[in-house]
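Q: I would like to learn how to read the features of a structural model one at a time. Could we take each feature in general terms and then turn to the case at hand?

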Amino acid sequence: MDRIERTKLKFGELFGGKPVENEGSDPELMRILQRFIFGDVCYVGTLSDRIRELVTVTVLTVNQTLPQLKAHVGACLNIGLSPVEIRETVYQCAPFVGFPKALNAISAMNEVFADNGISLPLESGQTADEADRYEKGLEIQRPLYGDEIEKRYATLPGEFGEHIAKWLTELCFGDFAARKGLDGKTRELLATVALAAAGGAETQVRSHIAGAIKAGNTREQTVCALVHAMPYMGFPGLFNALNCAQDILREDRT
């Protein structure tokens with residue numbers, strides 16, 4: 001099967017239609033785009049279509065490309081992802097891109113849900129409350145990252161070092177990573193993609209690549225997620241992510 005046939009097959013599975021041939025005002029760009037993404041990239045690596053679409057939703061949320069996000073939320077539903085899994089993918093981008101961008105993406109996502117007759121709000125995913133969000137966050141954070149952040153910012157003036165480390169544990173891990181709907185392995189993989197797509201966060205990308213592997217992702221799966229994100233964030237974002245963690249991602253071929 002050549003890549004044109006592969007494109008038709010994958011595009012139909014995801015979107016229930018046919019890729020562009022000569023329709024629209026810029027069919028040439030759409031043919032290049034669709035054949036590269038759905039005929040080439042989607043067929044390299046071991047990640048399932050489900051994880052690939054969550055990777056795509058993550059990048060589109062980070063980059064605020066909301067029309068494309070809506071299309072891929074629909075694709076997620078078409079291949080059997082639950083609304084909760086999609087929501088959790090968007091929610092957990094908030095600590096990486098800020099709450100306003102997360103709210104924009106949630107609004108676009110919910111439009112698709114409403115169009116598909118999905119009642120809102122969805123069931124709660126919260127597991128931590130005000131009394132234990134630090135402890136629950138620490139349970140997830142410490143095995144993956146130890147006390148790296150606490151040590152790194154301990155010398156900040158005033159109370160800032162203490163608060164930054166505490167807020168990271170409570171917000172990123174207690175309020176978000178501890179939620180139901182996605183397992184820890186998937187969350188760490190998507191967090192890595194979000195940071196790579198954000199750009200300029202190579203220190204955090206490197207840390208989260210290591211965290212994704214500790215959480216149970218293989219090196220191949222981690223690279224596959226970053227490669228799958230590449231058409232949506234560009235080659236520089238991929239190369240920056242790979243370059244900052246070459247030693248971690250290197251496979252022993254001896």
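A: Let us begin with a cysteine. The sulfur of C224 lies 9.4 Å from the closest cysteine sulfur, that of C42, which is too far for a bond. Please keep in mind throughout that this is a predicted model.

Q: What is the relative accessible area of C224, and is the residue buried or exposed?

A: C224 has a relative accessible area of 6% and is therefore buried, since the cut-off for buried is under 20%.

Q: How many disulfides does the structure hold?

A: The structure holds zero disulfides. The reasoning rests on a cut-off: two cysteine sulfur atoms count as a disulfide if they lie within 2.5 Å.

Q: How does one find the empty space in a model?

A: Rolling a probe the size of a water molecule over the atoms shows where empty space is left. In this structure, the largest pocket has a volume of about 590 Å³. It is lined by 26 residues, of which F96, L168, C172, Q204 and H208 are the closest to its centre. Two or more lining residues come from each of α6 (94-97), α8 (133-145), α9 (148-152), α10 (160-177), α11 (184-198) and α12 (202-214).

Q: Which element gives the largest share of the lining of the largest pocket, and how do the residues divide by class?

A: The largest share, eight residues, comes from α10. By class, the lining of the largest pocket comprises 16 nonpolar, six polar and four charged residues.

Q: What is the volume of the second largest pocket, and which residues are the closest to its centre?

A: The second largest pocket has a volume of about 410 Å³. Among its 19 lining residues, L33, I37, Q68, H72 and Y232 are the closest to the centre. At least two lining residues are supplied by each of α1 (3-15), α2 (27-40), α4 (66-78) and α13 (219-233). The largest share, seven residues, belongs to α2. The lining of the second largest pocket has 14 nonpolar and five polar residues, and no charged residues.

Q: Let us turn to aromatic rings. How many aromatic pairs does the structure hold?

A: There are six aromatic pairs in the structure. One of them joins F11 and F15; this pair is tilted, with 4.8 Å from centre to centre and 45 degrees between the planes. Both residues lie in helix α1, four residues apart, which is about one turn of the helix. F11 counts as buried because its relative accessibility is 12%, whereas F15, at 25%, counts as partly exposed.

Q: What is the geometry of the pair formed by F11 and F38?

A: The pair of F11 and F38 is edge-to-face, with 5.6 Å from centre to centre and 80 degrees between the planes. This pair links distant parts of the chain, for F11 is in helix α1 and F38 is in helix α2, 27 residues apart. F38 counts as buried, at 4% relative accessibility.

Q: Which charged ends sit over the ring of Y43?

A: The charged end of R6 sits over the ring of Y43, 5.5 Å from the ring centre. The charged end of K10 also sits over the ring of Y43, at 5.1 Å from the centre.

Q: Where is A131, and is it buried or exposed?

A: A131 is in the loop between α7 (99-115) and α8. With 67% relative accessibility, A131 counts as exposed.

How values were computed. Residues numbered from 1 in each chain as written. Predicted model: local features only at pLDDT ≥ 70, side-chain atom pairs only at ≥ 80, totals over all residues. Heavy atoms only, no water. 1 Å grid on protein atoms, 1.4 Å probe; cavity = no way out; pocket = protein on both sides within 12 Å on 5 of 7 lines; lining within 4 Å. Points joined across faces, edges and corners; volume = space filled by probe spheres on them. Nonpolar A, V, L, I, M, F, W, Y, C, P; charged D, E, K, R; others polar. Buried < 20%, exposed > 50% of the residue type's maximum accessible area, 1.4 Å probe, protein only. Phe/Tyr/Trp six-rings, centres within 6.5 Å; stacked < 30°, edge-to-face > 60°. Lys NZ or Arg CZ within 6 Å of the ring centre and 35° of its normal.
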